[in-house]
Amino acid sequence: MSAQAVAVKVGPPRKRNGVVAALFAPWTPSVHSTLLAAAVACAIVVAGLATMVISSPFIQLDASVDRAIQSINFGPLASTFPFFSWIGGPGGGIYMQIGAVLVVLVLHRRAWLLAFAATAGGIWYSLIVGMVNRPRPTLQQILQITEHPGSTSFPSGHVIFITISLGLVFLCLGYRYLPKWVLPIGWAVVAAVVLLAAMSRVYVGAHWPLDVLASLFIAGGWLAFVSSFRWISNRALQRDSQ
């Protein structure tokens, strides 16, 4: 018997619902491999630091770096420390995060999915802080304590929330509105503000240096993780997205 070709009728592509198309980019499992690798590397670093401070809550090198930071004369920059304490904590943290999301929704509404995914990274603070349960510095270990936020030190919620909020706004708006040559400068400014906020938490005696270091990796790793999924980040990062 001779083989006969079977004609298969292929219809036109299924049209997406208008509301769904406006809210969501077309689904793709594709990822930015570099960003995903960076997120994995950050997670490994955080796991290593957490394991270290769980096994030995007091680390002499950590205390030495703490005292060195507290010995720095920050000059006028020290006047920003109370602001960082408020904006990253229970008093102002929620307003900062809501404000960051609202700015994105107003100026780049199609980046809403990345905005909400990035903000969800704050949950890592609640999960890790209870698991590690590291004591805060005492006056016998460092030079000064001018802020007494509570009993648990690792990681720093202030640094996590400030880093995620600033990083989110710059990701969603910088890549849409700024020339490409300005982006490295913008990231340098974001990094400088985040670093100053991190050092402020050590300076006031609220955290150990390893606490804020882990927080930078937590926040940076989470931003890299959610941005690595093209379905979430493409509309936010591509300049031709409207």
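Which residues line the largest cavity? The structure examined here is a predicted model, in which local features need pLDDT of at least 70, side-chain atom pairs count only at pLDDT 80 or more, and totals for chains, interfaces and linings use all residues. Residues are numbered from 1 along each chain as its sequence is written, and side-chain values use heavy atoms, with hydrogens and water left out.

The lining of the largest cavity consists of Gln97, Ala100, Thr119, Gly122, Phe161, Ile164, Ser165 and Leu168. A cavity is defined on a 1 Å grid over the protein atoms alone, as a set of points where a 1.4 Å probe fits but cannot get out. Lining residues have an atom within 4 Å of a point. Grid points are joined across faces, edges and corners, and the volume is the space filled by probe spheres set on the points. Two cavities of 30 Å³ or more are counted by this rule. The largest has a volume of about 50 Å³. Helices α5 (93-107) and α8 (157-177) each supply at least two of its lining residues. Helix α8 gives the most, with four. By class, the lining holds four nonpolar residues, four polar and no charged. Here Ala, Val, Leu, Ile, Met, Phe, Trp, Tyr, Cys and Pro count as nonpolar, Asp, Glu, Lys and Arg as charged, and the others, Gly among them, as polar.

Glutamine 97, one of the lining residues, lies in helix α5. Glutamine 97 counts as buried because its relative accessibility is 16%. The cut-offs are under 20% relative accessible area for buried and over 50% for exposed, with partly exposed in between (1.4 Å probe, protein chains only). Residues up to four places away in sequence aside, glutamine 97 touches Thr119, Phe161 and Ser165. Contact means heavy atoms within 4.5 Å.

The overall fold is helical in its assigned elements: the protein has eleven helices and zero strands. Both are DSSP runs, numbered from the N terminus, with helices (H or I) of at least four residues and strands (E) of at least two. Of the 242 residues, 43% are buried. Among contacts with a separation of 6 or more, 81% join residues 24 or more positions apart. The protein exposes about 13200 Å², and carbon and sulfur atoms supply 71% of this area. Accessible areas come from the Shrake-Rupley method with a 1.4 Å probe; for residues, only the protein chains shown count as cover.

The largest nonpolar core has 46 residues. Such a core is a set of buried Ala, Val, Leu, Ile, Met, Phe, Trp, Tyr and Cys residues joined through side-chain atoms within 4.5 Å. Phe154, Leu168 and Cys172 touch the most other members. Leu168 also lines the largest cavity. Cysteine 172 is in contact with Val104, His108, Ala111, Leu114 and Ala236, leaving aside neighbours within four places in sequence.

Phe154 also takes part in a cis peptide bond. The bond from phenylalanine 154 to proline 155 has omega near -5°. Proline 155 is found in the loop between α7 (123-132) and α8. Both residues are touched by aspartate 211, whose contacts are Arg134, Ser153, Phe154, Pro155 and Ser156, not counting residues up to four places away in sequence. Aspartate 211 sits in helix α10 (residues 209-228). Its relative accessible area is 0%, so aspartate 211 is buried.

Asparagine 133 belongs to the loop between α7 and α8. Its phi is near 55°, a positive value in a residue other than glycine. Asparagine 133 is partly exposed, because its relative accessible area is 48%. Methionine 131 lies in helix α7. At 56% relative accessibility, methionine 131 counts as exposed.

Phenylalanine 229 is placed in the loop between α10 and α11 (230-237). With 30% relative accessibility, phenylalanine 229 counts as partly exposed. Beyond its neighbours within four places in sequence, phenylalanine 229 is in contact with Ser30 and Val31. The C-alpha atoms of phenylalanine 229 and serine 30 are separated by 6.6 Å, although the two residues are 199 apart along the chain.

Key
On a 1 Å grid over the protein atoms alone, a cavity is a set of points where a 1.4 Å probe fits but cannot get out, and a pocket is an open set with protein on both sides within 12 Å along at least five of seven lines; lining residues have an atom within 4 Å of a point.
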